[in-house]
Amino acid sequence: MGDGGSDTGEDPMLDSLICVAGSSIKRSGFIASHSSDERERRVIFVNAGGEELRRQGHSEIEVETDRFFQGGDVLRTDEEVADGGDLPSIYQSARCGNFCYEFRDLPPGDYSVDLHFAEIVYTNGPRGMRVFNVFIQDEKAVSELDVYSIVGANRALQVMNIPVSAGKDGVVSVNFQGVVGSPTVSGICIKQGAPELQLVSSGRDGKSLLCDNCFAPVKLTAAENKAARMSFTAKYEREIRELKAQCQMKQDECYEAWMSLTAANQELEKVRAELDVKFFQNFTLGQAMEKETEKMAKISSKYEHDRRLWVAAIDELERKMKAIKSEHSQLSFEAHQCANSIPGLNQMVTAVQSLVGQYDDLKMKFNEEQERRKKLYNQLLESKGNIRVFCRCRPLNMEEASSRPQTVVEFTDAKDGDLGVLMNGSNKKIYKFDRVYTPKDDQCDVFEDASPVATSVLDGYNVCIFAYGQTGTGKTFTMEGTEQNRGVNYRTLELLFKIAEDRKKTISYDISVSVLEVYNEQVRDLLASSPPAKRLEIKQVSEGVNHVPGVVDMKVENVDEVWNILQTGSNARAVGSNNVNGHSSRSHCMICTVVRAKNLVTGECTRSKLWLVDLAGSERLAKTDVQGERLKEAQSINKSLSALGDVISALATKSSHIPYSLATCMLLISTIGFRNSKLTHLLQDSLGGDSKTLMFVQISPSEHDLGETVSSLNFATRVRGVELGPAKKQSDTTEIQKLKLMLCQLKCKDDTIRKLEENVQVLEGKTKSKEQFSKSQQDKIIDLENQVELKAELCGHLEKRLSHVYEKMQRKEEACYSFQQKVISFIILATFQRS
Ligand code: ADP
Ligand code: MG
């Protein structure tokens with residue numbers, strides 16, 4: 001037997017590793033034998049993965065450097081290998097990996113192989129990290145060797161005496177095949193001769209092969225040895241099979257256990273995941289709950305706040321409602337009282353209504369009457385003649401009075417319009433005019449007769465009023481007058497405003513004034529603040545309407561404005577003239593008043609003009625005086641006055657009672673020379689037709705002026721159409737009386753209507769105020785009732801909202817409660833699953 005005791009037989013686990021008979025496993029390193037025999041038997045000893053080693057002495061050992069190998073790597077350790085025997089250093093190196101050893105050139109014969117191992121890499125285990133098989137000459141010699149599991153780390157292990165035969169080729173191959181991990185080997189020793197057989201099967205002591213009969217040690221041949229080995233092998237194989245079956249059983253059990261463990265693990269994982277989910281849910285639910293709780297707290301505080309507000313508001317409303325109710329009852333009471341205090345209110349209302357009806361009726365009648373009055377008034381004026389001439393004689397002036405002159409005029413029949421003029425002392429000539437004013441007649445007397453003509457402009461008629469006569473006879477006095485003794489101009493406009501004011505309920509008037517001057521056949525605007533860029537021209541704007549473009553047309557609202565304008569014009573007249581009186585006597589001053597009327601009842605609109613003209617002096621100058629500028633002036637004046645005389649007398653003829661046809665009249669009128677002078681051209685649309693013309697012929701009583709007086713009177717007579725005058729007048733006397741009577745009656749009717757109107761107005765006012773009072777009371781009551789209703793509605797609405805909010809709160813509370821319950825159940829479930 002080899003060196004050292006074998007562990008085989010003592011440990012069944014080690015036995016199971018050995019696949020060939022005779023070999024054994026030893027848990028220690030190489031111990032050299034002292035016998036030379038043993039030394040001689042060692043054919044080859046290689047230090048796998050290491051260097052050559054040599055130990056001299058009585059047990060001389062020679063270990064060759066690593067060779068005969070194919071493949072693999074070298075492993076080394078500096079750590080000491082325990083139980084390394086005589087050559088502990090060979091265990092500090094190893095060949096590792098996929099390798100084999102092939103020993104060649106060995107003489108054919110039996111050999112035995114020692115293999116040296118140590119686990120120097122996986123020093124901390126565990127078991128099963130390196131498991132491998134060893135094949136010698138392709139026969140498995142060691143099965144599933146795990147050095148670590150047998151001796152642990154850095155400890156030597158030997159598999160000894162593996163029998164092997166070298167054939168003719170002299171090759172012994174040692175093959176390492178890994179089962180788990182890579183195989184390693186630290187040294188291989190090939191010894192000559194087969195190993196001595198160790199008896200196992202029949203040997204009782206396990207040390208030697210003994211005969212079964214005589215217990216003598218038995219020497220076995222190689223064949224017997226093989227047979228014995230075979231039987232061992234069979235025995236071991238049987239055992240192996242049993243063990244394998246057991247192992248399989250255990251494996252199955254293990255598998256089942258593993259499977260159930262896996263399943264349990266999976267289940268656990270699932271449960272864990274679920275738990276995680278639940279935990280997460282729980283967490284989020286907790287958070288949500290916190291939020292909800294917060295919200296709820298807010299809502300409840302808001303609700304509480306709102307509730308308090310609503311309660312206060314309701315209290316307030318109730319209080320107000322009470323107050324309103326009491327006010328309402330008070331007002332109803334007052335209304336009743338009020339209604340009771342006016343007995344027969346309904347009768348009164350009906351009476352007033354009937355009065356209103358009567359009033360409307362009367363108004364209509366009044367309008368009709370007014371229309372008739374206007375017609376009659378016009379007829380009356382026409383009967384007097386549309387062209388009328390008044391003669392006014394001024395008093396003797398201071399100078400004349402002091403020189404005791406003879407007056408050449410006589411006013412005996414002045415009331416009948418007769419004026420006597422003493423020619424050459426005794427010869428008296430009678431002139432007939434529509435009116436004759438003595439020097440004693442004042443401005444009021446003059447205006448009284450002139451006003452009907454002047455004011456007919458308000459009825460829509462065009463009117464011209466002239467003052468004609470020699471300079472110094474009172475033309476300007478009659479027209480303008482003085483501030484203390486105002487003339488026709490101012491008085492006319494004053495009266496126009498007065499009448500307009502009286503008629504304002506039925507007619508609205510717009511009155512505007514422009515002031516012009518005609519001098520040397522040139523038109524000048526006396527109201528213009530600066531001289532015009534170009535000469536003013538007369539233009540026909542429409543059929544029968546003339547206009548001077550660029551002329552200032554001042555709208556006037558009252559008499560003060562009128563006076564200012566007249567003054568402005570009068571002052572402007574003096575500008576640019578050295579001799580004011582001289583200039584004014586040689587120019588025509590023309591005030592044009594335009595009246596725009598709108599009948600508020602019928603809607604009828606009219607536009608009419610009133611011309612107030614202070615003509616230039618009509619005196620003829622002595623031929624010796626007439627030179628230069630004066631000649632031009634005289635010619636201009638003469639031209640314009642002649643044209644005026646021609647035009648008026650022509651119109652007087654054309655509008656006479658002679659029954660011309662309308663077309664003939666128009667033809668005749670068209671032949672009249674209006675354009676012969678600026679004066680007549682300007683007046684064209686206000687002369688003739690329905691227009692009223694009034695001329696004041698101004699005369700002096702002095703015998704010094706007799707010539708001019710006669711001339712003026714002749715002119716006036718011609719203008720008046722004297723040949724038609726008397727006949728017309730006479731034939732019209734009865735008619736005039738009749739018309740006067742009618743006018744009187746109309747005036748009476750007017751008065752009655754006015755009184756009735758006033759009565760109706762008073763009654764209307766009273767009824768209206770009563771009606772308004774009762775209406776306002778009723779309105780108040782309705783208003784209060786509405787308010788009460790509104791407030792009641794509001795209360796209902798508020799109550800509804802409150803109950804709604806309360807319901808909502810309850811719902812939220814319930815939701816929170818169920819939420820809490822859920823969370824608690826989740827927590828319980830999670831805790832249960834974890835435990
Ligand atoms: P004319 O404008 O025709 O040149 P005026 O009007 O300037 O004349 O009158 C000349 C003067 O005679 C003025 O001083 C004026 O006051 C005076 N006069 C003219 N008519 C009357 C009258 N009817 N009563 C009193 N004074 C008069
Ligand atoms: Mg004058």
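Visitor: Which helix gives the most residues to the shell around ligand 1?

Guide: The model is predicted, so that local features need pLDDT of at least 70 and side-chain atom pairs count only at pLDDT 80 or more, while totals for chains, interfaces and linings use all residues. Residues are numbered from 1 along each chain as its sequence is written, chains are lettered from A and ligands numbered from 1 in the order in which they are written, and side-chain values use heavy atoms, with hydrogens and water left out.

Helix 8 (residues 475-479) gives the most to that shell, with 3 residues; helices are DSSP runs (H or I, at least four residues), numbered from the N terminus. Ligand 1 is surrounded by Arg392, Arg394, Pro395, Gln470, Thr471, Gly472, Thr473, Gly474, Lys475, Thr476 and Phe477, each having a heavy atom within 4 Å of the ligand. By class, the shell holds 2 nonpolar, 6 polar and 3 charged residues, where Pro and Phe count as nonpolar, Lys and Arg as charged, and Gly as polar.

Polar contacts are pairs of N or O atoms within 3.5 Å. A polar backbone atom of Gly472 lies 2.5 Å from an oxygen atom of ligand 1. For Lys475, a polar side-chain atom is 2.9 Å from an oxygen atom of the ligand, and for Phe477 a polar backbone atom is 2.9 Å from a ligand oxygen atom. Of the 560 Å² of accessible area that ligand 1 has on its own, the protein covers 65%, as computed by the Shrake-Rupley method with a 1.4 Å probe.

Key:
Polar contact = N/O pair within 3.5 Å; in protein donor to acceptor, adjacent residues only side chain to side chain. Helix = DSSP H or I, 4+ residues; strand = E, 2+ residues; numbered from the N terminus.
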